[in-house]
Amino acid sequence: PAETTEVVIVSRSAPAYPPLSRRMGEEGTVVLRVELDEEGVVVAARVVAGSGFSRLDKAALAAVRTWRCTPARRERQPVRAVALQPFRFVLQ
């Protein structure tokens, strides 16, 4: 059976809505593939499903690269982890 590991985000900032995207009414959902090292640091992130707007995709990438997480653990040992993280950009 596959073993699950839980990652807790201890420091997270929401993506900044790009001003030009806001003015142009751009909305969408971006899904990122995020890789964490054994210390819970984001070491790689890439878009796996774009929003249709590169500005929104880049804002999500910039935000997730600043996150800090608790390390994933397997048998109580810290391990690298990969997660999919969606971001919804919705104008209020």
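User: In which helix does R23 lie?

Analyst: This is a predicted model, in which local features need pLDDT of at least 70, side-chain atom pairs count only at pLDDT 80 or more, and totals for chains, interfaces and linings use all residues. Residues are numbered from 1 along each chain as its sequence is written, and side-chain values use heavy atoms, with hydrogens and water left out. Helices (H or I, at least four residues) and strands (E, at least two) are DSSP runs, numbered from the N terminus. R23 is found in helix α1.

User: What is the order of the elements from the N terminus on?

Analyst: The order in the protein chain is β-α-β-β-α-β-β-β-β, giving two helices and seven strands. The C-alpha trace spans about 50 × 25 × 20 Å along its principal axes.

User: Is R23 buried or exposed?

Analyst: Buried means under 20% relative accessible area, exposed over 50%, and partly exposed in between (1.4 Å probe, protein chains only). R23 has a relative accessible area of 65%, so this residue is exposed. Of the 92 residues in the protein chain, 32% are buried.

User: Which residues have the most contacts inside the largest nonpolar core?

Analyst: A nonpolar core is a set of buried Ala, Val, Leu, Ile, Met, Phe, Trp, Tyr and Cys residues joined through side-chain atoms within 4.5 Å. In the largest core, which has 16 residues, L32, V64, F87 and F89 have the most contacts. At least two residues of this core come from each of β2, β3 (42–49), α2 (54–64) and β7. Helix α2 supplies the largest share, five residues.

User: How many aromatic pairs are found in the whole structure?

Analyst: Rings of Phe, Tyr and Trp (its six-membered ring) pair if their centres lie within 6.5 Å; planes under 30 degrees apart count as stacked, over 60 as edge-to-face and the rest as tilted. The search finds two aromatic pairs. In the pair of Y17 and F89, the ring centres are 5.3 Å apart and the planes stand at 90°, so the arrangement is edge-to-face. Because Y17 lies in the loop between β1 (9–11) and α1 (19–24) and F89 in strand β7, the pair ties together parts 72 residues apart in sequence. Both Y17 and F89 are buried.

User: Over which ring does the charged end of R12 sit?

Analyst: A charge sits over a ring if NZ of Lys or CZ of Arg is within 6 Å of the ring centre and within 35 degrees of the ring normal. The charged end of R12 sits over the ring of W67, at 4.8 Å from the ring centre.

User: Where does E75 lie, and what is the phi of E75?

Analyst: E75 lies in the loop between β5 (72–74) and β6 (77–79). Phi of E75 is near 50°, a positive value in a residue other than glycine. R76 lies in the loop between β5 and β6, and phi of R76 is likewise positive, near 65°. E75 counts as exposed at 66% relative accessibility, and R76 counts as exposed at 76%.
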